[in-house]
Amino acid sequence: MGILDRVAIAGIGNTEFSRDSGRSETQLAAECIKSALDDAGLAPADVDGMVTFTIDNTEDVDLIRNLGIPGLRYASRIPHGGAGSGGSVVHAAGAIAAGLADVVVVWRAMNERSEYRFGSANAAKPAPGGGAVNMQWAVPWGAATPACWQSMVSHRYMTEFGVTNRDLAEIAVLHRKHSLNNPNAFGYQKELTVEDHQNSRWIIEPVLRLLDCCQESDGGQAFVVTSLERARDLRQKPARITAGAQWVPYPTDAITNFYFEDFTEMATTQGMARQLYEQSGIGPADIQVAMLYDHFSPILLQHLEAFGFCAKGEAMDFIRDGNCALDGALPTNTHGGLMSEAYIHGLNSLAEAVRQIRGTAINQIEGVEHAAFSSGMTGLILGKD
Amino acid sequence: MNLRPAPWIERDGIPFWEAAKRGELVAQSCKDCGVLRSPPRPMCPDCHSVANEFRVLSGRGTVYTWVIPRYPPIPAYGEGNIVAVINLDEGVRVVSNLREIEYDDVTADMRVEVFFEDAEQDYKIPVFRPATA
């Protein structure tokens, strides 16, 4: 058992997901944190730690004066943008295991659709902390968006393994199927066909069409992390942190990541998943459901392979054979994922992993003992108590 | 067509862009152990020396991956701008553009050679085209 297995996620909370929240990011943060505390049965006065992303625009000092939190013993931030999203909960759990805090709130709040859009072309140096140091060596050639940077890596994978954009339509359709009955999802009750996908405009040819991309959305998502012992006395069934890990391999970059030797290998996720298995003593066959970061459809292929859910180069067949469907061997992104639920920088998918462990997901999978979450450079295995 | 935008330059990358103005494609190399590195950085990850120099490369390599950004349109680069990752013969890698070839004719690992396009503020940008024999 890993040291983090004595820690659990005790509360989850989110705002609505929308294209225009109509309020400040600080308000979204305060609302989702309060909602997560209510879910756990805790009060702001119980909180003594807070963690978010380096690139979140809201501030813990602002949030404690909104929520009336008496003081923080632990305040931290995780780098690498969405790739680091799972790390926010991993580091919160580490702080609790080390005795640095008792109740840590993790949050991400963004008006990413109404105030700024990650899909816009970058032309200037971003704020530090995002981990995209190589952006200066891509933008001068017109490689200026996350979609472009991911496509440059994915195209080599697709070339080597014969995957086409038409194949990727299966991934878009899969995610949409999972969101059809999810009222929180952008894809609620909106059917999507392969033809719709193929008719959507190119974003990056020949890799990504519009319907290969995640949503751009406004919203907030929060978690309450505390000791397993304390979580057992709270309102919800604890989601144990069976394992949690981060891996930042040489010479990676958070997204403008072009200098590692073999683009068909996802070294970040391979190294992270290996640690998850070592910490927990379980393997891919012991995981019943997976939430894998799907900012762009082809990344799902490399996640599945990096975790060992299927062999290298076989992920497209693995999906086509139905393994990631709700009735498949490894139901994946059962809420619709970032492509069809919303994009709260990955954390809304971690909330779905918690719901699958609790048994409260809209598309609840029977017999879930362990749920995997991956955001690429960070990830977790959650377990039933 | 309008000139390409001037590059985005940070301190450790200045010699690369100055060399490009002279029509040279260079890579940084460690002055002590000689290992090449791309992109530039102030310390050698092998021997930790901070002494470095920029070495002129052959300008020849192979196409590792390539795409066309279609949306959002970035008019400064023109319609159908091909972005590519090039494995240079000296063993380092650069992001660049492919020119003088139709997208459908690009193949993985095809041989390419460097040339330079004018940019604003008298900068020149290294780009690649199919290699001549």
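**Ground rules**

Two strands pair if DSSP finds at least two bridges between them. Helices (H or I, at least four residues) and strands (E, at least two) are DSSP runs, numbered from the N terminus. I am working on a predicted model, where local features need pLDDT of at least 70, side-chain atom pairs count only at pLDDT 80 or more, and totals for chains, interfaces and linings use all residues. Residues are numbered from 1 along each chain as its sequence is written, while chains are lettered from A and ligands numbered from 1 in the order in which they are written.

**Entry: a hairpin in chain B**

I looked up strand 7 (residues 111–118) and strand 8 (residues 124–130) of chain B. They pair in the antiparallel sense over 7 bridges. Phe115(B) has Val127(B) in strand 8 of chain B as its bridge partner. The two strands make a hairpin with 5 residues between them. In the turn, Gln121(B) has a positive phi of about 60 degrees.

**Entry: Ala51(B)**

Is Ala51(B) buried or exposed? I count a residue as buried if 20 or more other C-beta atoms, placed from the backbone, lie within 10 Å of its own, as exposed if 12 or fewer do, and as partly exposed in between. Ala51(B) has 11 C-beta neighbours inside 10 Å, so it counts as exposed. I find Ala51(B) in the loop between strand 2 (36–37) and strand 3 (52–56) of chain B. Leaving out residues up to four places away in sequence, Ala51(B) touches Lys31(B) and Asp32(B). Contact here means C-beta atoms, placed from the backbone, within 7 Å. I also checked Ala51(B) against Glu113(B): they are 62 residues apart in sequence and 29 Å apart in space, C-alpha to C-alpha.

**Entry: chain A overall**

I list 12 helices and 11 strands in chain A. Its radius of gyration is 19 Å, close to the 21 Å that the globule rule gives for 385 residues, so chain A is as compact as a globular protein of that length. The radius is taken over C-alpha atoms, and the rule is 2.2 Å times the number of residues to the power 0.38. Along the principal axes, the C-alpha atoms fill a box of roughly 55 × 45 × 45 Å. Buried residues make up 61% of the 385 residues in chain A. Of the contacts in chain A with a separation of 6 or more, 78% join residues 24 or more positions apart.

**Entry: the sheet of chain A**

I traced an open sheet of 9 strands in chain A, in the order 3-2-4-7-1-8-11-10-9, with mixed pairing. Strand 3 (74–78) and strand 9 (289–292) stand at the edges; each has a single partner strand, so one side of each is left without a neighbour in the sheet. From one strand to the next, the twist averages 25 degrees. Angles run from 0 to 180 degrees between N-to-C directions, with axes as lines fitted to C-alpha atoms, for helices over the stretch in contact.

Val289(A) stands opposite Ala371(A) in strand 10. Helix 12 (residues 347–358) of chain A packs on the sheet and touches several strands, including strand 1 (7–14) and strand 4 (103–111). Its direction makes about 175 degrees with that of strand 10 of chain A.

How many residues of helix 12 of chain A are buried? I get 11 of its 12. Among them are Leu347(A), Glu352(A) and Arg355(A). At 1.5 Å a residue, the 12 residues should span 16 Å, and the end C-alpha atoms are 17 Å apart, which agrees. The expected span is 1.5 Å times one less than the number of residues. Gly359(A) follows helix 12, with a positive phi near 90 degrees.

In helix 1 (residues 25–40) of chain A, 16 residues should span 22 Å; the end C-alpha atoms are 23 Å apart, which agrees. Its buried residues include Leu28(A), Cys32(A) and Leu37(A). Their cover includes strand 1, helix 2 (60–67), strand 4 and strand 7 of chain A. Just after helix 1, Gly41(A) takes a positive phi of about 85 degrees.

**Entry: where A meets B**

I find 28 residues of chain A in contact with 25 residues of chain B. Helix 4 (146–161) and strand 5 (202–205) of chain A each give two or more residues to this side of chain A. Helix 4 gives the most, with 6 residues. Strand 5 of chain A pairs with strand 4 (residues 60–69) of chain B in the antiparallel sense over 2 bridges. There, Glu205(A) stands opposite Ile68(B).

Note on methods. Contact = placed C-beta atoms within 7 Å.
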